[in-house]
Amino acid sequence: FGSVRSLTTSNPLSQDQFYLGLIGNLPTVWQDYRGQGVTVAVYDNGVDYRHEDLDGNYNAALHVVLNGQTLDPFPEPIQPGQEPNAHGTAVAGIIAAENNAVGVIGIAHEAALTGVNVFSTQIDEATLAPVVFQAVRNFDVTNHSYGPDPNFGAAANFQTGPGVPLFIEALQTGRDGLGTISFVSAGNSIGNTNGGDFT
């Protein structure tokens, strides 16, 4: 971890990123690969695209559009009067926080980020689900680190939900035919994390 820390001392909170030393030889990887040219969508409860560690890497041009309306992925409060939930913003930071001498540093700190708020109240689930999952193909990489609560369970079910054929299509046609890479978290909601077989 020392060699990673030596490269991240300009980002003052990087000393708390214990995982940087657990995922491989980042100093060597960063010599050639820092995420430049890669588009990453964070499917979660929203991303604070104004955050000083994210705003320079944020790509609003890939926001999901439904019936001509651009869906704002900014986090929404769980309850009225509360602060917005920061989970999606934290995930975005782990992926691609900028190397800007502020806060933390992302694993792919030159990648372009876009948020997709799967818990958005802007539109009902039945209409939103097919649209947001169809948008997977627009990105090189997508990250899905949300549980099934509160209202996206059926759509996000990776075995029976309507998103499954859209994920398969993105895997086959995304990334200019190379296939979009989608990461799905394990362990949310204390559920069985043995996923379905998409083959």
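This is a predicted model: local features need pLDDT of at least 70, side-chain atom pairs count only at pLDDT 80 or more; totals for chains, interfaces and linings use all residues.
Which residues lie nearest the centre of the largest cavity?

Residues are numbered from 1 along each chain as its sequence is written, and side-chain values use heavy atoms, leaving out hydrogens and water.

**View 1. An open four-stranded sheet runs β4-β1-β5-β6, with parallel pairing.** Strands here are DSSP E runs of at least two residues, helices H or I runs of at least four; two strands pair if DSSP finds at least two bridges between them. At the edges sit β4 (112-117) and β6 (181-184), each pairing on one side only. β1 (residues 39-44) joins β4 over six bridges, and D44 stands opposite N117 in β4.

**View 2. T114 sits in strand β4.** With 1% relative accessibility, T114 counts as buried (under 20% relative accessible area, 1.4 Å probe, protein chains only). Its contacts (heavy atoms within 4.5 Å), not counting residues up to four places away in sequence, include V40, Y58, L62 and F139.

**View 3. The largest cavity holds about 60 Å³ of space.** A cavity is a set of points on a 1 Å grid over the protein atoms alone where a 1.4 Å probe fits but cannot get out, and lining residues have an atom within 4 Å of a point. Eleven residues line the largest cavity, with L71, D72, P73, V116 and N117 nearest its centre. β4 gives the most to this lining, three residues.

Methods:
Buried means under 20% relative accessible area, exposed over 50%, partly exposed in between (1.4 Å probe, protein chains only). On a 1 Å grid over the protein atoms alone, a cavity is a set of points where a 1.4 Å probe fits but cannot get out, and a pocket is an open set with protein on both sides within 12 Å along at least five of seven lines; lining residues have an atom within 4 Å of a point. Grid points are joined across faces, edges and corners, and a volume is the space filled by probe spheres set on the points.
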